[in-house]
Amino acid sequence: MSKPTTRDVILDTAERLFARQGIEAVSLRTINTEAGFSVAALHYHFRNRQGLIEALIERDQKPVLSRRQELLDELDTLVKPEVRQITEALVLPMAEPIIDNPEKGLQTIKFLFQTYIDQKNHRQVSEVIEESFRIFDRLLVSALPELDRNLLHQRWVVAAELTFQGLANIDNVMTLRPHQDERENYRDYVRRLIDFIAGGLAADASAA
């Protein structure tokens with residue numbers, strides 16, 4: 001296995017600190033100290049704090065967007081996708097890394113959740129969210145033509161929020177079942193989260 005580059009070490013360190021302490025609470029000095037490099041190394045690779053954050057967003061979003069596109073491509077082959085399948089395309093790309101590697105996956109989603117909350121200051125995030133809303137809005141209209149389009153949009157905004165919050169706080173809200181390992185426990189939690197969100201999206205309008 002190849003040795004991590006200086007750039008990767010700085011990104012990994014920044015992600016870990018941002019996830020634990022919050023983006024605004026972490027200084028470049030702290031990142032440099034934790035990473036074991038001089039200030040010059042960070043400035044060489046990222047120029048400034050904003051450049052570091054943008055590089056980290058780009059790195060962390062890439063596998064999520066790639067996996068989501070795979071699921072969306074599968075949905076595009078269906079005449080009428082099911083609501084649960086649409087919900088899986090929202091949730092699984094962010095949940096699967098947590099199941100595969102809980103420590104690293106949680107670290108990534110906690111960082112991305114912070115950028116989602118503060119998306120007005122992170123153009124990369126807001127652009128991805130706007131594009132996702134357009135795609136999923138089209139799919140939901142196809143799956144639930146009987147529901148008002150504005151209602152579907154409102155529900156989808158809530159669904160996206162619940163997904164981020166539910167996954168970013170998964171280590172705090174779930175209860176470990178006896179005789180069950182951590183990854184299997186996460187799988188069960190994700191299945192229940194998908195059930196909950198899909199049920200809310202498809203609920204009768206009279207119940208809204």
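Visitor: Which helix is Gln 124 found in?
Guide: Gln 124 is found in α7. Helices here are DSSP runs (H or I, at least four residues) and strands are E runs of at least two, numbered from the N terminus. The model is predicted, so local features need pLDDT of at least 70 and side-chain atom pairs count only at pLDDT 80 or more, while totals for chains, interfaces and linings use all residues. Residues are numbered from 1 along each chain as its sequence is written, and side-chain values use heavy atoms, with hydrogens and water left out.

Visitor: What does the side chain of Gln 124 reach?
Guide: The Gln 124 side chain comes to 3.0 Å from the backbone oxygen of Glu 54. That is a polar contact, meaning a pair of N or O atoms within 3.5 Å; within protein, one must be able to donate a hydrogen and the other to accept it, and residues adjacent in sequence count only if both atoms are side-chain atoms.

Visitor: Which residues is Gln 124 in contact with, leaving aside its neighbours within four places in sequence?
Guide: Glu 54, Ile 57, Glu 58 and Gln 61. Contact means heavy atoms within 4.5 Å.

Visitor: How many helices and strands in the protein chain?
Guide: The chain has 10 helices and zero strands. Its C-alpha trace spans about 60 × 45 × 30 Å along the principal axes.

Visitor: What share of the residues is buried?
Guide: Of the 208 residues, 46% are buried. The cut-offs are under 20% relative accessible area for buried, over 50% for exposed, and partly exposed in between, with a 1.4 Å probe and protein chains only.

Visitor: Lys 62, then: buried or exposed?
Guide: Lys 62 counts as exposed because its relative accessibility is 63%. Lys 62 lies in α4, residues 49–75.

Visitor: Changing topic. How is the chain divided into domains?
Guide: Domain 1 covers 1–47 and domain 2 covers 60–202. Those bounds come from an automatic or database domain assignment. The two centres, taken over C-alpha atoms, are 28 Å apart.

Visitor: How much area do domain 1 and domain 2 bury between them?
Guide: About 680 Å², with 52% of it on carbon and sulfur atoms. Buried area is the accessible area (1.4 Å probe) that two parts lose on being put together, summed over both. On the domain 1 side, Glu 15, Ala 19 and Ile 23 lose the most, together 72% of what that side buries. In terms of contacts, seven residues of domain 1 meet eight residues of domain 2.

Visitor: How many salt bridges across the interface of domain 1 and domain 2?
Guide: The rule finds one there. A salt bridge is a side-chain nitrogen of Lys or Arg within 4 Å of a carboxyl oxygen of Asp or Glu. Glu 15 pairs with Lys 104 in a salt bridge, the closest N and O atoms being 3.0 Å apart.

Visitor: What else does the side chain of Glu 15 meet in a salt bridge?
Guide: Arg 59, at 3.7 Å from N to O. Glu 15 is in α1 and Arg 59 in α4, so this pair ties together parts 44 residues apart in sequence. Glu 15 is buried at 0% relative accessible area, whereas Arg 59 is partly exposed at 26%.

Visitor: What covers the buried residues of α1?
Guide: The cover includes α2 (28–35), α3 (39–46), α4 and α6. Just after α1, Gly 22 takes a positive phi of about 100 degrees.

Visitor: And α10, how far does that helix reach?
Guide: Helix α10 runs over residues 182–202 and reaches 30 Å from its first C-alpha to its last, close to the 30 Å expected. The expected span is 1.5 Å times one less than the number of residues. At the start of α10, a side-chain oxygen of Asp 181 comes to within 3.3 Å of the backbone nitrogen of Arg 183.

Visitor: What do the buried residues of α10 pack against?
Guide: They pack against α5 (83–100), α6 (102–117), α7 (123–143), α8 (149–168) and α9 (170–173). Among the buried residues of α10 are Tyr 186, Leu 193 and Ile 197.

Visitor: Which side chain meets Arg 191 in a salt bridge at 2.1 Å?
Guide: That of Asp 188. Both residues lie in α10, three residues apart, about one turn of the helix. Residues three or four places apart point the same way because an α-helix has 3.6 residues a turn. Asp 188 is buried, at 10% relative accessible area. Arg 191 also meets Glu 184 in a salt bridge, at 3.4 Å from N to O.
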